[in-house]
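Subject: Handing over a structure, with notes

Dear colleague,

Please keep it open while you read.

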Amino acid sequence: METKPSKKAVIILSGGLDSTTCMGIAQAEGYELYPITFDYGQRHKVELENARQVAEHYGVSARHKVISLGFLKEFGGSALTDESLEIPDMTKPKEQGEEESEVPITYVPGRNLLFLSIATSYAEVTGAEAVYIGVNALDYSGYPDCRPEFIRKVEEVMALATRVGVEGVPMRIETPLSEWTKAEIIREGMRLNVPYHLTTSCYNGEKEACGVCDSCRLRLKGFAEAGEKDPIPYR
Ligand SMILES: [Zn+2]
């Protein structure tokens, strides 16, 4: 009996809402899932356990890689990795004279460039034809490494850097959430039975989400606009 050759995709899985939705979308597209999670000393470390549970939910724990990038914490320079920097409470009005930068303090220097490079390596070894990353150009317009032009350039570099690229079958980077609002992401995820109860989005990384950081607020607003109830606990 002939078996259909399976198509494979590497999914950059943080354990958050967006990347978990990517798992559901890639599965619906018929891909075998190869999740990869990065431990970069993020203060929301609870994410790593979420990612493990999501991989288990999809029955792909054996293919789930958790990669340590501890040096990102050593470098610091982001409120997500440096505990001396505070996560902004978005419910409070900005204090007078507070620095207004276009790039949020939660931006992690070079993060997606590193993530995509390492995911490229995993994809080439496993024979995956696509790498999914849950970047979003609307909600995170301040993050330079979430922009579509960045993604397309990395895709070009992937073709130049890999054997599969040289042999004429370059990998693709799939960014299905790029142009969607949070509500649209959640609606599609609910349709695909994405296990949102296993995800977390809070930047503060406590057991219960804070409800006031930028990420929590986007998530709560998204569920409200989608007319759905967020299944995770808030403090
Ligand atoms: Zn939060």
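Predicted model: local features only at pLDDT ≥ 70, side-chain atom pairs only at ≥ 80, totals over all residues.

Residues are numbered from 1 along each chain as its sequence is written, and side-chain values use heavy atoms, with hydrogens and water left out.

The whole chain

The chain has eight helices and five strands, where helices (H or I, at least four residues) and strands (E, at least two) are DSSP runs numbered from the N terminus. Read from the N terminus, the elements follow the order β-α-β-α-β-α-α-β-α-α-β-α-α. The radius of gyration, taken over C-alpha atoms, is 18 Å, close to the 18 Å that the globule rule gives for 235 residues, so the chain is as compact as a globular protein of that length. That rule is 2.2 Å times the number of residues to the power 0.38. Along the principal axes, the C-alpha atoms fill a box of roughly 65 × 35 × 30 Å. Of the 235 residues in the chain, 48% are buried; here buried means under 20% relative accessible area, exposed means over 50%, and partly exposed lies in between, with a 1.4 Å probe and protein chains only.

Empty spaces

Rolling a probe the size of a water molecule over the atoms shows where empty space is left. On a 1 Å grid over the protein atoms alone, a cavity is a set of points where a 1.4 Å probe fits but cannot get out, a pocket is an open set with protein on both sides within 12 Å along at least five of seven lines, and lining residues have an atom within 4 Å of a point. Grid points are joined across faces, edges and corners, and a volume is the space filled by probe spheres set on the points.

The count comes to one cavity of 30 Å³ or more, and the volume of the largest cavity is about 530 Å³. Its lining consists of 30 residues, of which Ser 14, Asp 18, Glu 47, Arg 111 and Gly 134 lie nearest the centre. Helix H1 (17–28), strand E2 and helix H4 (111–126) each supply at least two residues of this lining. By type, the lining of the largest cavity divides into 14 nonpolar, twelve polar and four charged residues, where Ala, Val, Leu, Ile, Met, Phe, Trp, Tyr, Cys and Pro count as nonpolar, Asp, Glu, Lys and Arg as charged, and the others, Gly among them, as polar.

The second largest pocket holds about 260 Å³ of space. It is lined by 15 residues, and Val 46, Asn 50, Thr 199, Thr 200 and Lys 207 lie nearest its centre; the lining comprises six nonpolar, five polar and four charged residues.

Aromatic rings

Rings of Phe, Tyr and Trp (its six-membered ring) pair if their centres lie within 6.5 Å, and planes under 30 degrees apart count as stacked, over 60 as edge-to-face and the rest as tilted. By this rule there are six aromatic pairs. The ring centres of Tyr 31 and Tyr 132 are 5.8 Å apart and their planes are at 75°, so this pair is edge-to-face. The pair links distant parts of the chain, with Tyr 31 in strand E2 (residues 31–39) and Tyr 132 in strand E4 (residues 130–132), 101 residues apart, and both Tyr 31 and Tyr 132 are buried.

The rings of Phe 71 and Phe 75 are also edge-to-face, because their centres are 5.4 Å apart and their planes are at 65°. Both residues lie in helix H3 (residues 71–75), four residues apart, about one turn of the helix. Phe 71 is partly exposed at 33% relative accessible area, whereas Phe 75 is exposed at 61%. Ring pairs also join Phe 38, Tyr 40 and Phe 115 into a cluster.

Single residues

Asn 193, in the loop between helix H7 (182–191) and helix H8 (214–226), has a phi near 55°, a positive value in a residue other than glycine. Met 190 lies in helix H7, and its C-alpha atom is separated by 9.5 Å from that of Gly 24, 166 residues apart along the chain.

With best wishes
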